[in-house]
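Trainee: I am new to this structure and would like to go through it step by step. Please show it first.

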Amino acid sequence: MSEIPGTEVLRYTAFSADPQGGNPAGVVLDASGLDDAAMLAIAAELGYSESAFLTGPGTSGEPGGRGYTIRYFSPKAEVPFCGHATVATAIALAERNGPGDLVFTTQAGTVPVTVTRDGSELRATLTSVEPHVTDVAPDDLAEALAALDWPAGDLDPALPPRIAYAGARHLVLAAGSRERLADLDYDFARLEALMHRLDLTTVQLVWRESATVFHVRDPFPVGGVVEDPATGAAAAAFGAYLRELALVPDAAVLTLHQGQDMGRPGTLAVELRPGDARVRVSGTGTRIPAAE
């Protein structure tokens with residue numbers, strides 16, 4: 001891609017240790033010389049679902065200069081929070097400065113991240129902002145199903161539709177079968193229009209394999225891409241959704257598999273802790289070689 005003088009654009013994948021798995025993100029560790037138009041241009045040229053742009057360190061007042069301000073851009077627009085780009089950025093920083101604790105100031109609020117090393121792998125765990133869950137209006141649900149071409153009878157009644165937030169808003173819809181989840185061929189413009197009206201970042205489509213294991217997919221037309229391969233913000237929102245509806249215990253560790261249907265498999269771990277409304281999402285990540 002073309003370079004902006006003085007700007008290094010890195011490429012990392014999150015929620016997989018394989019460069020060909022997980023969700024790729026652009027990472028700019030020093031965006032102090034970039035305006036909004038330049039950041040959007042970089043994100044659009046990369047074509048990933050989101051790219052992250054840092055200023056700092058020290059902008060969060062953290063001792064040792066491990067606090068940063070971070071902004072996220074899709075190919076179409078800025079988004080308030082992005083989980084996979086947060087994980088990718090944290091791992092990029094850890095490769096340079098070593099594992100440890102970081103604090104990212106996002107438009108959605110403060111997001112602490114801890115990076116640890118397990119052998120040759122780095123693993124980042126983000127802690128979401130305070131989440132909340134709201135109902136979906138019947139007409140909005142009907143429009144979402146029409147855009148997806150999903151009959152209402154194909155939904156899992158045990159996991160009712162809701163809008164969940166943990167830094168960004170996501171419509172949670174549960175498929176009654178793995179086959180239903182795998183069959184995704186939606187009306188891009190129609191779903192995009194609904195998502196703009198409801199201020200949604202993605203639609204979190206899920207299928208429950210077991211008590212703690214889920215398969216998920218995330219259409220992302222508002223970002224200019226058909227589907228997001230691994231969605232940390234939606235994973236955090238989904239954890240809040242499961243706890244709010246008492247579908248899992250207050251203390252739980254959940255496994256989300258995403259990206260298999262796109263050929264970019266990734267794994268997201270979601271942790272719920274008693275007495276803490278926030279949701280923790282963790283995963284591995286790695287740099288994408290220039291040839292990938």
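Mentor: Pro99 is partly exposed, with a relative accessible area of 40%. Keep in mind that this is a predicted model.

Trainee: Why is Pro99 classed as partly exposed?
Mentor: Buried means under 20% relative accessible area and exposed means over 50%. Pro99 falls in between, because its relative accessible area is 40%.

Trainee: Which strand is joined to β11 by five bridges?
Mentor: Start with β9 (residues 132-134), which is antiparallel to β10 (residues 162-165) and joined to it by three bridges. Next, four bridges link β10 to β11 (residues 169-174), again antiparallel. The strand that runs parallel to β11, with five bridges, is β12 (residues 202-208).

Trainee: Which residue in β11 stands opposite Tyr165?
Mentor: Tyr165 belongs to β10 and stands opposite His132. In β11, the residue opposite Tyr165 is Arg169.

Trainee: Which residue takes a positive phi in the hairpin of β10 and β11?
Mentor: The hairpin has three residues between its strands. The phi in question is near 120 degrees, and the residue is Gly167.

Trainee: What is the bridge partner of Leu173 in β12?
Mentor: Five of the six residues of β11 are buried, which leaves this strand mostly covered. Across from Leu173, the bridge partner in β12 is Leu205.

Trainee: Which residues touch the most other members of the largest nonpolar core?
Mentor: In soluble globular proteins, nonpolar side chains tend to be buried together. Here the largest such core has 59 residues, and those touching the most other members are Phe104, Val113, Phe238, Leu256 and Val281. Another core lies apart from it, with 26 residues, including Leu148, Ile163, Leu181 and Leu173.

**Pocket and cavity**

Trainee: Which residues are closest to the centre of the largest pocket?
Mentor: The largest pocket holds about 240 Å³ of space. Its lining has 17 residues, and those closest to the centre are Val79, Pro80, Asp199, Leu200 and Thr201.

Trainee: How many residues of the lining of the largest pocket are charged?
Mentor: Strand β5 (78-79) and helix α5 (188-198) each supply at least two residues of this lining. By class, nine lining residues are nonpolar and five are polar, and the charged ones number three.

Trainee: Which elements give two or more residues to the lining of the largest cavity?
Mentor: There is one cavity of 30 Å³ or more, and the largest cavity holds about 60 Å³. Among the residues lining it are Glu50, Phe81, His84, Thr201, Phe220 and Asp228. The elements that give two or more residues are α2 and α6 (232-244).

Trainee: How many residues lining the largest cavity are polar?
Mentor: Four of the lining residues are nonpolar and two are charged. Gly counts as polar under this scheme, and the polar residues number six.

Key: Residues numbered from 1 in each chain as written. Predicted model: local features only at pLDDT ≥ 70, side-chain atom pairs only at ≥ 80, totals over all residues. Heavy atoms only, no water. Pairing = 2+ DSSP bridges. Buried < 20%, exposed > 50% of the residue type's maximum accessible area, 1.4 Å probe, protein only. Core = buried A, V, L, I, M, F, W, Y, C linked by side-chain atoms within 4.5 Å. 1 Å grid on protein atoms, 1.4 Å probe; cavity = no way out; pocket = protein on both sides within 12 Å on 5 of 7 lines; lining within 4 Å. Points joined across faces, edges and corners; volume = space filled by probe spheres on them.
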